[in-house]
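Hi,

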Amino acid sequence: MARLAQLAQLARLARVARVAQLALLLAQLAQLGAARATEPLENESEPGKAGKGWKGEPDLEELDLDTAGKGAEWTSWFNIDHPGGDGDHESLAAIRFYYGDRVCPRPVAIQARSTEWHLPAALGQVVHASPKRGFRCLHREQPPGKACANYHVRFLCPLEPLWSEWGPWGPCSRSCGSAGTRERRRSCKTAKSPPCPGPATETQKCPRSPCPEKPHMVLQPAGQVREAGQDVTFCCRASGAPPRNYSWYHNGTLLEGPAERSSGRLELRGLAPGQAGTYQCKASSEAGAIRSVPAQLTVLAQGQPSCRPEPEPSLVELPRECPQDSGGSRYYDVGRCPASPCPGDPSEPSGCGQSSGLCCGVRRMELRQVPCAGSLLPLKVVAECGCGPCAQPRVLVRGRVTAADTGEPLRFGHIFLGATKVGFTGYRGSFTIEVPPDTQRLVARFVDGQQRLVDAVKVLPFDPRGGAVYHEVKMLRRKEPVELDGGRSNSIPLGEAGGREPVGELLLPAGVFLRPSGEVFNGTVQASVTFVDPRDVSTASAASSDLSFANAEGEIVPLRTYGMFAVDFREGGSGAELQAGPVQVRMDAGQVWMPEHLKKMKLWSLNPESGLWEEEGVLRPAGGRRKREERTFLVGNLEIRERRLFNLDVPEDRRCFVKVRAYSNEKFNPYEQLEGVVINLINLEPQPGFPSNPRAWGRFDSVVTGPNGACLPAFCDGRRPDAYTALVTATLGGEELEAVASSPKLNPNAVGVAQPYLGKLGYRRSDHEDAALKKTAFQINVAKPDPNDADERNGPVYSYRSLRECEEAPVGANHLRFYRVEVDRYEYNVVPFKESDVTSWTGDYLAWWPNPQEFRACFIKVRLEGPQEYMVRSRNVGGSHPRTRGQLYGLRDSRSVRDPLLGDASGACVEFKCGGMLFDQSLADRTLVSIVPQGSCRRTAINGLLRDYLSRHPPLADNNHTGAFSMLAPLDPLGHNYGIYTVTDQNPRLAKEIAIGRCFAGTSDGFSREMRAAEGTAVTFSCQERPPGRESFFQRLLSAPAEALQEIRREMGRSELRRAAPEVMDFASGAPTGTRRSPGSQRRAGRQRGQP
């Protein structure tokens, strides 16, 4: 009765506190308590053991009503055991093993009945029961003659607070890609306490959806020439996810109507002269826009010639023994025809980008005889120009890939153009890429198969007119990985090397690493983050791409970098690649001095196919400062998926162009400009005190010089001349050109810029303060020109909108200069040819280079023993071909260079015309080569292998005159063992530079900038000081070549070469073509490039 009174009291409390549901629970417990009065469910202790026994159903006072919630309910009945063995065991652990969560975590009571539905007490059996442990009945504890029945049990579980059904999945955190997440929500139906267990939100990875690719041009419109009344078609094509829209602009004005917006075609019919000008295509999609390069349309009046028959002026330098003209010049006008396109026949269809295939070129040449030192020097000049088939030179990019820190070559690295693998680097890191037709922007990716170096994406300038341009490519060494716990939060500093404060840090939350399938990886992660720190100027050459992006209008505009970083995450055990995202990038705001940059700072990732940077997110000021730190941060998020190279950049709109030209020597003759020179401009750290970005460098650009120099983009400022500075260098075939000196006295005429603008630019060569430094760079203030100042409107700095003025500036306008260091080196060709412009080649039997697709350079090494350095000449005439026998091909002069290891000895590498097929490819000619040194020199030795080769390949050239050496040029590509060096390349200048490098080293595959006169020599001369008043044979050859040649013939004893049965061998063009860093021109002994 006391227990029933207690239950009644609790029921009254329940009606006050929990109302109906709690009352229901108590009523159920009261019923259970009444049953217990007749059902002993638990003994005080386990059978045979003393101490605390199982705790069975608790007293009502002990029930955790808060846990029970607003009620309780019984589970279904469980029977997992039969009374075999020692009894019947229905343990809670076993029931949970079989039935899982069908039993709640915290049962409050247990009930047992036999399968016949009898209570244990009714059967007179002793049992043990506990809601925490379960039920059991043992045979040995039962009265004699009785055994345990087969029991099933159930548990009383409190009712938990109830959740509503899950809502629908929300939108993905990213519109595309593989690392986005989405979430759904539910609500707890409980009004107040207690809360529902478990989360109210649920997050999952979004289904993968490809991101629309930002467009980039894969087909550019081509320039066209048409006559009035003809039709023309321009075409462009962009990559990227459809749909795309194409727009066309004429001279910057949007065209309406004629363009097909879906196909990128622009058809213009019945052209009028007013439709001439530039045409530009713009491709747009949901991901962005891109513009093509402008294409020029020339519309000629009917009957107007596109190729004027009168040649343009072109000067060549005559040999030094030739007299000067009335103006004191030894230059002769040989004429040239501009390689401009010609219109096709009006009846021809106008295809998409199809040209007529006709270009202006040489139609007729004339042979002139120029009086020179008592004889006539043959020279062919252009007499008439006309339209003919266009030359189709190969366009190549060559170079070498090395590690930026050690110079170690990238051996057998992979080379990609877009997603297509196009080849491998060589053992020494050399590479050759043939530029695909219609390419305007060559983007190459170099990959280290051993993963020691970070992938390099380079935009490589090239010469679209043909030939090869040489590049030195630097790759960053991958930073050693650190081990991270993927299940914990981690941070990696950015730019902490060299004792500098980090630019920022990369924050990686727990669970951020993902396998490509989307599965979260929480194991050990090998993390490598390589940072390109612009505070170190030496990293500029190793940075990827050219720091440009396409804005909303599709224009390519520059970025200014605060640092790039490449990431590589891999599983610790298998090394499998991991993705990550989203991660947080924190940038120290103290690294940004320009207030406007704080608002424009963004995160970018590099598109390896277009070479353009694409926006990933915006860096915004953090909500607060960290404890124990006084710094504030800019914070942004990004996801690391397929792209692994990222950038902290701001767009920069204060831009100008700088005009630079390169010359073959320091005479700076306008007709001796060098084309194919790679000019590099690095934007340097601004002057202290100016409110700008304190970077050692902010961006870099490279441009290849053409016939009118090069215009390089640079940051500039109109308020302060010294706000932005630039460092400029120039290379040709791997050779560094020299800049004009700035000390001890600055010469405006040599620099190429008039005062007072030169003083405003602050021109300084790299050795201005330290003469021991190299002379191959100069630094200027990029002072934006004042349009109201006449002295500043003539270059060399042009405003960004004046690119055309910069490109078309006359050679007399202000410009900055580089030049090659030449030591008395001279070349003369009877058929003029400009090696920097392959299109200037003319097919002629007397052409020095018989094939414009492939250039074979040959050099002979001469050792001279004597107290001086001596000029050595090679005279090259036809030797065995019936059309050229006895006719001059050209002359080459080279001064010998001291061997620093030998006393009175020097060496000369002298070019001669290779033997082989002439331009008609029908018959080979073995050039008759005469090597004549300056001074009183006597031939003392001939290379034994060379002598044996010449004797075994008749006819022979007599060498009875001891002051010279003559031979019929070999048809085979001999090597250093013969003293002959032969290199074949698509670029004539590069072929010569490589051959000179081998000749200096005296090996067939080596390279040297210092002469080794004792190695790999073909012929040796001993030279002495001549008696006063006596001319040397070389001087007689210069002053009276006819008499000197007669002297040779008299000493030979005949006027013609001794003839044997001719043996003509076809030359198989299998000459070595290895690309390596070529040396500069021959220099005086011990002098290194860039040193005094």
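Of the chain's 1092 residues, 51% count as buried (buried is under 20% relative accessible area, exposed is over 50%, and partly exposed is in between, with a 1.4 Å probe and protein chains only). Before you dig in: this is a predicted model, so local features need pLDDT of at least 70 and side-chain atom pairs count only at pLDDT 80 or more, while totals for chains, interfaces and linings use all residues. Residues are numbered from 1 along each chain as its sequence is written, and side-chain values use heavy atoms, with hydrogens and water left out.

The secondary structure amounts to 13 helices and 67 strands, taken as DSSP runs numbered from the N terminus (helices are H or I, at least four residues; strands are E, at least two). Take the contacts between residues at least 6 apart in sequence, and 71% of them join residues at least 24 apart; a contact means heavy atoms within 4.5 Å.

Strand S37 (residues 556-571) is worth a look. It is largely enclosed by the rest of the structure, because 14 of its 16 residues are buried. S37 runs antiparallel to strand S35 (residues 524-532), with 8 bridges joining the two (strands pair if DSSP finds at least two bridges between them). One of the bridge partners to check is Phe 569 in S37, which goes with Ala 527. S37 also pairs with strand S36 (residues 548-550), again antiparallel, over 3 bridges. There, Ala 550 has Ile 556 of S37 as its bridge partner. S36 and S37 make a hairpin with 5 residues between them, and Gly 554 in the turn has a positive phi of about 85 degrees.

Next, a loop: Val 821 lies between strand S54 (816-819) and strand S55 (826-829). At 7% relative accessibility, Val 821 is buried.

Last, the surface. Tyr 98 sits in helix H4 (residues 92-99) and is exposed, with a relative accessible area of 58%. Together with Phe 97 and Tyr 99, Tyr 98 forms a nonpolar surface patch with about 390 Å² of accessible area. Patch residues have over 30% relative accessible area and no salt bridge, with like charges joined within 9 Å and nonpolar side chains (Val, Leu, Ile, Met, Phe, Trp, Tyr) within 5 Å; a salt bridge is a side-chain nitrogen of Lys or Arg within 4 Å of a carboxyl oxygen of Asp or Glu.

Cheers

Methods. Areas by Shrake-Rupley, 256 points an atom, 1.4 Å probe, with all protein chains shown as cover.
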